[in-house]
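Please read it alongside the model shown below.

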Amino acid sequence: MTAAPTAVSPMLLRLAEERATGVLVRDHGALYLADGQVVHAESPAAPGIEVLLTAGGRLAPEGWQEAVTRAGARREVARFLVDSGQVADGEMEICHLGALHDAAFFALAPGSGPTRFRYGVAHWIGAVRPVPAVAVAREARRRRGLLDSVWPHSEVDTAPLRCRPSGHGATATPRQRTLLELADGVRTPSAIARAVGRPAFNTLLEVRRMAAAGLVETPSDPAVPDPAPLPAWVADFAVDPDIALLRRLRDALEASL
Amino acid sequence: MANTETALKEAITIEGAIGAALVDYTSGMALGTIGGGKEFDLTVAAAGNTDVVRSKVRTMEHLGLKDEIEDILITLGTQYHLIRLMKGRGSNGLFLYLALDKDRANLAMARHQLKKIEAELDV
């Protein structure tokens, strides 16, 4: 339930020391490293950067699609969005950092299975602002501590969000009401985060606050399913991507457009 | 168009500045910090001050005030702490945090400069 006080991932720190480049894959997410620094992170439990960018109409979904199509192969999607004037420089940085730490929080969840590392893999989002691995690990630990200081019952993180009948004085903030409106007894906090286009951690924090205030139910059954693990193929990708094949594919796709 | 680094670099040039941070107030994470030091851990200050902002927002809701916080000033014996909430379209709960040395700072000027930095960051 509570975070172990030990290092989140000794392997991450070792890879940082040897200035490794590649992707670190754990059960609940992946961290991309370049020269030992974290340049991106992804987790099925956290909305991707495209969700955060397109939420609230900041960036049109077509704009995102175009950036992926035109700059994905050369791994400069973020650069493309900034250079084409669709996203401001500072906005991209802040959004990317938000997505990175959000996914890293889940990827670095304690005890989440084996850790694998593929050397040489880079993410197509491209360079935004690298974060030292120790800073990412420290932030993930701080976040875990913060959640537990609010309401030390991690069951609410993964269970479908259920409102409790009110009448005991506690009221939800406007931000919390937005989340409660989506609580249909099926959606988990992660699903709600994706629906509102906000980082999953921020949603978890609000959910724990609401649970502490008695606004949502805390399941008594701790046997809740884990957040979706990464699909198996993520770890199975070839160490050496077949560049020639990918180029042919791209050319064929472009020709058919 | 400023990025977070240039915004923070500009913040630290404000007369009397000890440290500055750009903070996500929901998670309490400092997205960037500048200055500070051993005696002044800006990441701790960032996390702690999110509670200040949250508490004030909550109080305003209770009071039924339909208004927004521009900035929050905390005056210590030897320092000013200035919190400026960001209003840009994407700044879903970000604030700039600036710690100033009271003897060297010009408060009115610092507020004005911080406002300008916020506008330039435009997130």
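A disulfide is taken here as a pair of cysteine sulfur atoms within 2.5 Å. By that criterion, the structure holds zero disulfides over all chains. The model is a predicted one, and the values that follow are computed from it.

**Cysteines**
- Cys95(A) has a relative accessibility of 7% and therefore counts as buried, the cut-off for that class being under 20%.
- Cys163(A) has a relative accessible area of 37%, so this residue is classed as partly exposed.

**Nonpolar surface patch**
- A nonpolar patch on the surface is formed by Ile243(A), Leu245(A), Leu246(A) and Leu249(A).
- Together these four residues have about 340 Å² of accessible area.
- One of them, Leu246(A), lies in helix H12 of chain A, which covers residues 243–256.

**Second largest pocket**
- The second largest pocket holds about 930 Å³ of space.
- Its lining is made up of 37 residues.
- Nearest the centre of this pocket are Pro174(A) and Arg175(A), along with Tyr25(B), Val57(B) and Glu61(B).
- Three helices each supply at least two lining residues: H8 (174–181) and H10 (200–212) of chain A, and H2 (42–63) of chain B.
- H2(B) provides the largest share of the lining, with eight residues.

Technical notes
Residues numbered from 1 in each chain as written. Chains lettered and ligands numbered in written order. Predicted model: local features only at pLDDT ≥ 70, side-chain atom pairs only at ≥ 80, totals over all residues. Heavy atoms only, no water. Patch = residues over 30% accessible without salt bridge, like charges linked within 9 Å, V, L, I, M, F, W, Y side chains within 5 Å. Areas by Shrake-Rupley, 256 points an atom, 1.4 Å probe, with all protein chains shown as cover. Salt bridge = Lys/Arg side-chain N within 4 Å of Asp/Glu carboxyl O. Helix = DSSP H or I, 4+ residues; strand = E, 2+ residues; numbered from the N terminus. Buried < 20%, exposed > 50% of the residue type's maximum accessible area, 1.4 Å probe, protein only. 1 Å grid on protein atoms, 1.4 Å probe; cavity = no way out; pocket = protein on both sides within 12 Å on 5 of 7 lines; lining within 4 Å. Points joined across faces, edges and corners; volume = space filled by probe spheres on them.
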